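Let's walk through this fold together, one piece at a time. Have your viewer open and follow along.

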Amino acid sequence: MTNPLDCRPKLLLVDDEATNLQVLRHILQDDYRLLFAKSGAKALELAFAEAPDLVLLDVMMPGMTGLEVCRTLKGEPSTARIPVVFVTALADIDDEANGFEAGAVDYITKPVSPPIVKARVRTHLSLVHVETLRQTRLEIVQRLGLAAEYKDNETGLHVIRMSHYSQVLARAAGYSEAQAEELLHAAPMHDVGKIGIPDAILRKRGALDEDEWAVMRSHVLIGAKIIGEHASGLLRTAQRIALAHHEKWDGSGYPHGLAGEAIPLEARIVAIADVFDALTSVRPYKAAWTVEDALDLVRRESGRHFDPRLVELFLECLPEVLAIKARWPEE
C-alpha cells in the first residue's frame, strides 16, 4: 500500500525479472510513488486496488503476458483510462503494432535509458492531467446547464436531447467530428441565463404579459454574462449560443434583431433543436405536441424563424433525431 499523504503520481511497474524492477525503481523513486508486480495476475490485483496513474509493463512474462494484462485493464471501466507503456526487449514492428492494438500508449525498449524513461512518463502523465481537466470542465458546463433546466423542466432531459439533436445537425451542416462534439457540450448552456429569471415567470401557466416577456427575454443577456467573454473554444461557442439562440432568420428575434447569416451558425443550429424538443415535450404551460405537428411548424418557420438550409438538413436527419428522442424519453 502507498502512503495516502504522498501526493506524487503513482506508477505501477510490472516485470517478472527483479533486476529490471530495480533499474526502474532507481530511475523513478525520487519523483513518483511506486508499486511493483512480478506477474500479470499481481499487476491486475494492484491496478484494481490502487488505481495507479500510469503502468510500465513488461510484455514477455510467464503465465499472463503484458499484452493480456493491457487488454484486461482496457476492458474494465475503472482502469480503462490508465495509460500503459510497454517496457520490453521486443523491437519488431509487428510486436509494437500488437502492443498499440492492445491499448498501450507507448513503447520503451530495453535496456532502458533513464532520460527516456523519465521523459516518456512525464509526457503521458501530462496528457492524463490535460484530459482530466477537459473532462472536469465539460462536467461543470453540463451541470450548470442542467441547473438552469431544472428551473424550467423537472427532468432536465431537454438539454440532453437538444444537445444531441444539435450535434447531428452540425455534422449534416459540415462540421467536423471535433466541432460537432464541441457543440454537443456547449449546447446545454443555451438557457443558463434562466437561473436569473424569477420562478413566478418561468413557471407561469398562463400567457406572459408585456413586462413579464421583457424579463423572460433578458435570460439571453444574463446567460452570456454568466459564461463570459472568451477568445476561443468551448466557452466561446457556449456564449455565442446563449446570446443568439432566440435570434430569427428574418430579423424579428432578440436580443439584437440579427438576421440571416449574421446570426452565428451554432446558434441557428441550436434554435431548431431547441424549439423542436420544446414543442414535443410537456411543459407547465402546454401538452407535448406530436412529432408531425412540430415538424409542420419547423417547415412553416423556414425562412422566418429558421435558416432554410438547416431546416432541410434537419428533416433529412429525422431518423437520427427520433432515435435520440427515443433514447431519452420523458419520465
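This is a predicted model: local features need pLDDT of at least 70, side-chain atom pairs count only at pLDDT 80 or more; totals for chains, interfaces and linings use all residues.

Residues are numbered from 1 along each chain as its sequence is written, and side-chain values use heavy atoms, with hydrogens and water left out.

Start with the sheet. It is open, has five strands in the order β2-β1-β3-β4-β5, and its pairing is parallel. β2 (33-37) and β5 (106-109) sit at the edges with a single partner strand each, so one side of each has no neighbour in the sheet. From one strand to the next, the twist averages 20 degrees. In general, strands of a sheet pair through backbone hydrogen bonds, either parallel or antiparallel.

Now zoom in on β1 (residues 10-14), which is joined to β2 by five bridges. β1 also pairs with β3, in the parallel sense, over four bridges. V14 is a handy landmark here: A37 stands opposite V14 in β2, while the bridge partner of V14 in β3 is L57. Moving on, β3 and β4 run parallel and are joined by three bridges, with L56 opposite V85 in β4. To get from β3 to β4 the chain passes through α3, and this β-α-β crossover is right-handed (with the strands pointing away from the viewer, the path from the first strand over the helix to the second runs clockwise).

Which way do the side chains of L54, V55, L56 and L57 point from β3? L54 and L56 go one way and V55 and L57 the other, and all are buried (under 20% relative accessible area; exposed is over 50% and partly exposed is in between, with a 1.4 Å probe and protein chains only).

Helix α2 (residues 40-50) lies across β1 and β2, at about 145 degrees to β2. Helix α3 (residues 66-75) packs on the sheet, touching β3 (54-57) and β4 (84-88), and its direction makes about 175 degrees with that of β4. Contact means heavy atoms within 4.5 Å; axes are lines fitted to C-alpha atoms, for helices over the stretch in contact, and angles run from 0 to 180 degrees between N-to-C directions.

Now look at α6 (residues 157-172) and α12 (residues 265-279). They pack at an angle of about 135 degrees, with their axes 8 Å apart. The two helices are therefore oblique to each other (angles under 35 degrees count as roughly parallel, over 145 as roughly antiparallel, 65 to 115 as roughly perpendicular and the rest as oblique). Residues that meet across this pair include Y165 and L169 in α6, and I269 and F276 in α12.

Most residues other than glycine have a negative phi, and most peptide bonds are trans. The bond joining K110 and P111 is cis, with omega about -5 degrees, and P111 is found in the loop between β5 and α5 (114-150). A cis bond also runs from Y254 to P255, with omega near 15 degrees; P255 lies in the loop between α11 (234-244) and α12. Finally, A51, in the loop between α2 and β3, has a positive phi near 50 degrees.

Definitions and conventions
Two strands pair if DSSP finds at least two bridges between them.
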